[in-house]
Amino acid sequence: MPDTEQIEVAAIRERGWRDVTESADPAYRVLLASVRSRGVLDPVVVRAVPDGGYQLVSGARRLQAARELGRATVPAVVRELGPAEAVVAGAWPALARSGVSDEEAERVRGQLVSAGLTEDDADLLTGSLPRAGAGVELTGRAAAAEKRAPAWAWGRRGSRRR
């Protein structure tokens, strides 16, 4: 495991393209309770930036919880990554897992282009991310207009009960 060090929360900059997690989100509330009772257990991943400090690569929800709770430091792994690598290698698994809004996808695309990717490559990468939000499943497809009947409504042989 890479070396972990304690880094001041104030020295870590946000990525700038991911929306803040809603405090009412049940999963975030569980994370917040965990950080309150035990601190941040899994290190965030950051990269050093030329003008000093660090930029967050992975662990936005953990960093947000630490900030909300007034923690002075968090455990962090400092990796040497370029701007495009920081987005693609560092945060892509979380983006693919949680999905992005159209606005987040556009901000990610802008950062990828700013980091030197071609417009086509940035479009291809951000187009591969699942969309999240009202009326969208995590697959990125529009949600079905009509929901399937719940499991209890189906009989033993798969035919719907009437």
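What joins the side chains of Gln 55 and Arg 47? A polar contact of 2.7 Å does. The model is predicted. In it, five strands form an open sheet of mixed pairing, ordered β1-β5-β3-β4-β2, and six salt bridges are counted.

- The edge strands are β1 (5–8) and β2 (12–13), each of which pairs on one side only.
- Strands β2 and β4 (residues 54–58) run parallel and are joined by two bridges.
- Across this pairing, Arg 13 stands opposite Gln 55 in β4.
- Helix α2 (residues 60–68) lies across β2, β3 (44–48), β4 and β5 (73–78), at about 125° to β4.

**Gln 55**

- Gln 55 belongs to strand β4 and counts as buried because its relative accessibility is 15%, where buried means under 20%.
- Beyond its neighbours within four places in sequence, Gln 55 is in contact with residues including Arg 13, Glu 14, Arg 15 and Val 45.
- Arg 15 is 40 residues from Gln 55 in sequence, yet the two C-alpha atoms are 6.4 Å apart.

**Arg 47**

- Arg 47 lies in strand β3.
- Arg 47 is buried but has no salt bridge; Glu 85, the nearest side chain of opposite charge, is 7.4 Å away.
- A polar atom of the Arg 47 side chain lies 3.1 Å from the backbone oxygen of Leu 81.
- Leaving out residues up to four places away in sequence, Arg 47 touches Gln 55, Arg 79, Leu 81 and Pro 83, among others.

**Salt bridges**

- Glu 14 and Arg 67 form a salt bridge, with the closest N and O atoms 2.3 Å apart. Glu 14 is in the loop between β2 and α1 (26–38) and Arg 67 is in helix α2, so the pair ties together parts 53 residues apart in sequence.
- Glu 14 is partly exposed at 44% relative accessibility, and Arg 67 is partly exposed at 32%.
- Arg 131 forms a salt bridge with Asp 102, at 3.1 Å between the closest N and O atoms. Arg 131 lies in the segment after α5 (119–127) and Asp 102 in helix α4 (residues 102–114), so this pair ties together parts 29 residues apart in sequence.
- Arg 131 is partly exposed, at 21% relative accessible area, whereas Asp 102 is exposed, at 53%.
- Asp 123 and Arg 109 meet in a salt bridge of 2.4 Å, N to O. This pair links helix α5, which holds Asp 123, to helix α4, which holds Arg 109, across 14 residues.
- Asp 123 is partly exposed at 37% relative accessible area, while Arg 109 is buried at 15%.
- A network of salt bridges links Glu 106, Arg 109, Glu 119 and Asp 123.

Key: Residues are numbered from 1 along each chain as its sequence is written. This is a predicted model: local features need pLDDT of at least 70, side-chain atom pairs count only at pLDDT 80 or more; totals for chains, interfaces and linings use all residues. Side-chain values use heavy atoms; hydrogens and water are left out. Two strands pair if DSSP finds at least two bridges between them. Helices (H or I, at least four residues) and strands (E, at least two) are DSSP runs, numbered from the N terminus. Contact means heavy atoms within 4.5 Å. Axes are lines fitted to C-alpha atoms, for helices over the stretch in contact, and angles run from 0 to 180 degrees between N-to-C directions. Buried means under 20% relative accessible area, exposed over 50%, partly exposed in between (1.4 Å probe, protein chains only). A polar contact is a pair of N or O atoms within 3.5 Å; within protein, one must be able to donate a hydrogen and the other to accept it, and residues adjacent in sequence count only if both atoms are side-chain atoms. Lys and Arg count as positive and Asp and Glu as negative; His and the chain ends are not counted. A salt bridge is a side-chain nitrogen of Lys or Arg within 4 Å of a carboxyl oxygen of Asp or Glu.
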